[in-house]
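Reader: I'd like to learn how to read a protein model, one feature at a time. Could we go through it together, starting with a single residue?

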Amino acid sequence: MSSKGVWTISEWGEDRIKTISFELLTRARPLADKLNTELSSVLIGRGLEDETARELIYRGADKIYVVDDKNLESFIVENYSAVLTALILKHKPEIVVAGATTMGRTLLPHVAVKVNAGLTADCTSLDIEEGSGNLLQVRPAIGGNIMARIKTPEKRPQMATVRPKTIRPAQRDEKRQGVIIRERFGNEIIDSRVERVGHRKLDTGGAEIQDADIVVSGGAGLKKGDNFKIIQELAKTLGGAVGGSRNAVDRGWISYPHQVGLSGKTVTPKLYIAVGISGSIQHLAGMKTSEHIIAINNDPDAPIFKVADFGVVGDLFEIIPLIYEALKEAM
Ligand SMILES: Cc1cc2nc3c(=O)[nH]c(=O)nc-3n(C[C@H](O)[C@H](O)[C@H](O)COP(=O)(O)OP(=O)(O)OC[C@H]3O[C@@H](n4cnc5c(N)ncnc54)[C@H](O)[C@@H]3O)c2cc1C
């Protein structure tokens, strides 16, 4: 049987489908359409109702493979990998895409080895090559200075992880129809000897920049750490989160969980305000998909202005107080 179909790996936790699952479907839908094939999603966990799986259909999937088992409640890589490998060997998808999240980054390499396939990690976009139908996997390479296009012409499935927040999920469409298939696996696949005994959430120090509607970020233009409070205050006034360039993080002005960019986080807020940030390719990689971008920089040639919807050329120490005055009047 030749390989057919595009798959995404959905994520489930804390009684909800995680947003990355919808992002992956939005990313993969055009791939399936170009290949004239089905888009399926795999949902592994415990207590997965049909209603839950249907959410994935509303967001673009044609078919959902649900694997529900009491030993799959927590993400234990050996078990999830055994289940996904068995599904891949049975159904032979052409493409398998997961999020570049903790789960995807752990699970997909494990599975890729077992199914003897290649894997491109941390892609920022995906496409189908005309003629060959191969998956084109685009990701930053050589320190983020180039965007590499990688393909896997021989092995199947073609596997990739995709950075979260690099695409806005498609709207929910309750009219979409699809099929839910429940697959069961026995003890020879799912090993009940491994169990999760506890879970502690990582303390991000209030840096939930990936979920914020507004992100105000500061860079080296702030000159010294003390000045970073201008950014914190502006973010607080606007009800947003605080971000920073790597330069600001390296200087210890703000902690790493706040870093935006290639080696930090990708954000897609409604509004991104870049203050004293030049707009290096590595910084842009983490924020250029924001809905609206405002840049404040005293260098009119700063690359940040190339992606900004609204640019203010001038000294940030003069402009930020003017913004406060305008905000006070507006509030
Ligand atoms: C592998 C790799 C990964 C990287 N990952 C990241 C990443 O994740 N995130 C990231 O940000 N960078 C990353 N970088 C670093 C990146 O290349 C840049 O060095 C960094 O983004 C620069 O930060 P900056 O814009 O704050 O500093 P600069 O480039 O020094 O820019 C400061 C800006 O402030 C402006 N300015 C100065 N004074 C004022 C003023 N008074 N008013 C207004 N504007 C002023 C200047 O005109 C200038 O444009 C990475 C680099 C590599 C090689």
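Author: Let's start with alanine 235, which is in contact with Val216, Gly240, Ala241 and Val242, leaving aside its neighbours within four places in sequence. Two residues are in contact if their C-beta atoms, placed from the backbone, lie within 7 Å. Keep in mind that this is a predicted model, where local features need pLDDT of at least 70, side-chain atom pairs count only at pLDDT 80 or more, and totals for chains, interfaces and linings use all residues. Residues are numbered from 1 along each chain as its sequence is written.

Reader: Is alanine 235 buried or exposed?

Author: The idea is to count C-beta atoms, placed from the backbone: a residue is buried if 20 or more others lie within 10 Å of its own, exposed if 12 or fewer, and partly exposed in between. Alanine 235 has 21 other C-beta atoms within 10 Å, so it is buried. You'll find alanine 235 in helix H5 (residues 228–238). Helices (H or I, at least four residues) and strands (E, at least two) are DSSP runs, numbered from the N terminus. Also, alanine 235 and serine 217 are 18 residues apart in sequence, with 8.5 Å between their C-alpha atoms.

Reader: How many helices and strands are there in the protein?

Author: The protein has nine helices and 17 strands. Its radius of gyration is 22 Å, close to the 20 Å that the globule rule gives for 331 residues, so the protein is as compact as a globular protein of that length. That radius is taken over C-alpha atoms, and the rule is 2.2 Å times the number of residues to the power 0.38. Along the principal axes, the C-alpha atoms fill a box of roughly 65 × 50 × 40 Å. Of the 331 residues, 41% are buried.

Reader: Into which domains is the protein divided?

Author: There's domain 1 (6–182) and domain 2 (214–330), with bounds that come from an automatic or database domain assignment. Their centres, taken over C-alpha atoms, are 33 Å apart. Where they meet, nine residues of domain 1 are in contact with eight residues of domain 2. The domain 1 side of that meeting has two nonpolar, four polar and three charged residues. For these classes, Ala, Val, Leu, Ile, Met, Phe, Trp, Tyr, Cys and Pro count as nonpolar, Asp, Glu, Lys and Arg as charged, and the others, Gly among them, as polar.

Reader: Which residues touch the most other members of the largest nonpolar core?

Author: A nonpolar core is a set of buried Ala, Val, Leu, Ile, Met, Phe, Trp, Tyr and Cys residues joined through C-beta atoms within 7 Å. In the largest one, with 49 residues, Leu43 and Val97 touch the most other members. Helix H1 (residues 19–35) supplies the largest share of this core, seven residues. Apart from it lies another core of 34 residues, including Val216, Phe228, Tyr272 and Ala308. Back at leucine 43, the contacts beyond four places in sequence are Ser10, Trp12, Leu48, Ala53, Leu56, Ile64 and Val66.

Reader: Which residues come nearest to the ligand?

Author: A residue is near a molecule or strand if its C-beta atom, placed from the backbone, lies within 6 Å of it. Here 30 residues are around the ligand, and Gly219, Gly221, Arg246, Asn247 and Gly261 come nearest. Helix H6 (246–250), helix H7 (281–284), strand S16 (292–297) and helix H9 (316–330) each give two or more residues to this shell. H6 gives the most, three residues. By class, the shell has nine nonpolar, 18 polar and three charged residues.

Reader: What should I look for in the backbone itself?

Author: Most residues other than glycine have a negative phi, and most peptide bonds are trans. In this model, the peptide bond from arginine 156 to proline 157 is cis, with omega near 0°. Proline 157 sits in the loop between strand S10 (146–150) and strand S11 (158–162). Asparagine 116 has a positive phi, near 60°, and lies in the loop between helix H4 (102–115) and strand S7 (119–123). Lysine 165 has a positive phi too, near 65°, and its loop runs between S11 and strand S12 (179–182).

Reader: Why does asparagine 116 count as exposed, and why is lysine 165 buried?

Author: Asparagine 116 counts as exposed because it has 8 C-beta neighbours inside 10 Å. Lysine 165 is buried because 21 other C-beta atoms lie within 10 Å.
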